[in-house]
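Please read the following report alongside the sequence and the coordinates.

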Amino acid sequence: MESRLSVVTLGVSDLEKSRHFYQKLLGKEPLATPPGVAFFELGKTWLSLYPSEELAGDAGVPAQGSGFGGIVLAHNVRSEAEVNEVLRDAERAGGKIVKAGERAFWGGYSGYFSDPDGFLWEVAWNPGFPHV
């Protein structure tokens with residue numbers, strides 16, 4: 001297997017609401033696809049939105065469950081100020097600030113927002129992290 005991640009698919013409760021949120025937050029249209037799915041290009045990786053019940057069914061697992069799902073998506077930026085800017089953009093797009101930007105124990109600066117389905121995103125500036 002090649003060492004790369006191609007697509008991150010989020011199981012969403014309301015596809016149109018999530019499509020609108022990410023369209024507004026990312027400032028771009030999704031890929032033209034048939035109804036029922038949305039794909040947003042994120043550099044060399046794609047963000048895919050798919051109805052939660054259908055995604056669980058496709059994977060052969062129950063759709064029920066709540067709480068922390070054990071995964072956080074991350075977006076690294078070039079400065080502390082950019083962390084706060086992205087958090088404000090997420091809130092304006094309809095997201096919820098979960099943790100305001102603050103100095104982190106690992107030497108950087110980060111904060112968290114959640115999308116309309118509660119998926120957590122960390123926005124971080126890490127002075128030791130390459131390739132931003």
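Which residue stands opposite lysine 96 in β6? The residue in β6 that faces lysine 96 is serine 114.

This is a predicted model, in which local features need pLDDT of at least 70 and side-chain atom pairs count only at pLDDT 80 or more, while totals for chains, interfaces and linings use all residues. Residues are numbered from 1 along each chain as its sequence is written, and side-chain values use heavy atoms, with hydrogens and water left out.

**Confidence and elements**

The predictor's confidence in each residue, pLDDT, runs from 0 to 100; the chain averages 88, and 92% of the residues score at least 70. Helices (H or I, at least four residues) and strands (E, at least two) are DSSP runs, numbered from the N terminus. On that basis the chain holds 3 helices and 7 strands, arranged along the sequence in the pattern β-α-β-β-α-β-α-β-β-β. Where pLDDT is low, the predicted coordinates should not be read in detail.

Two strands are taken to pair if DSSP finds at least two bridges between them. An open sheet of 4 strands has the order β4-β7-β6-β5, and its pairing is mixed. Because β4 and β5 (96–103) stand at the edges, each with a single partner strand, one side of each is left without a neighbour in the sheet. From one strand to the next, the twist averages 15°, where axes are lines fitted to C-alpha atoms, for helices over the stretch in contact, and angles run from 0 to 180 degrees between N-to-C directions. Helix α3 packs on this sheet, touching β4, β5, β6 and β7, and its direction makes about 10° with that of β6; contact here means heavy atoms within 4.5 Å.

The table lists the strand pairs of the chain described in this report.

| Strand pair | Sense | Bridges |
|---|---|---|
| β4 (residues 73–76) and β7 (residues 120–125) | parallel | 4 bridges |
| β6 (residues 109–114) and β7 | antiparallel | 6 bridges |
| β5 and β6 | antiparallel | 5 bridges |
| β1 (residues 7–12) and β3 (residues 45–51) | parallel | 6 bridges |
| β2 (residues 38–42) and β3 | antiparallel | 5 bridges |

The hairpin formed by β6 and β7 has 5 residues between the strands, and in its turn glycine 118 has a positive phi of about 90°.

**The pairs formed by β3**

Strand β3 pairs with β1 in the parallel sense and with β2 in the antiparallel sense. Tyrosine 50 of β3 stands opposite glycine 11, whereas tryptophan 46 of β3 is the bridge partner of glutamate 41. In the hairpin of β2 and β3, with 2 residues between the strands, glycine 43 takes a positive phi near 70°.

**The chain as a whole**

The C-alpha trace spans about 40 × 35 × 30 Å along its principal axes. Buried residues (under 20% relative accessible area, with a 1.4 Å probe and protein chains only) make up 30% of the 132 residues. Among contacts between residues at least 6 apart in sequence, 49% join residues at least 24 apart.

Key: Buried means under 20% relative accessible area, exposed over 50%, partly exposed in between (1.4 Å probe, protein chains only).
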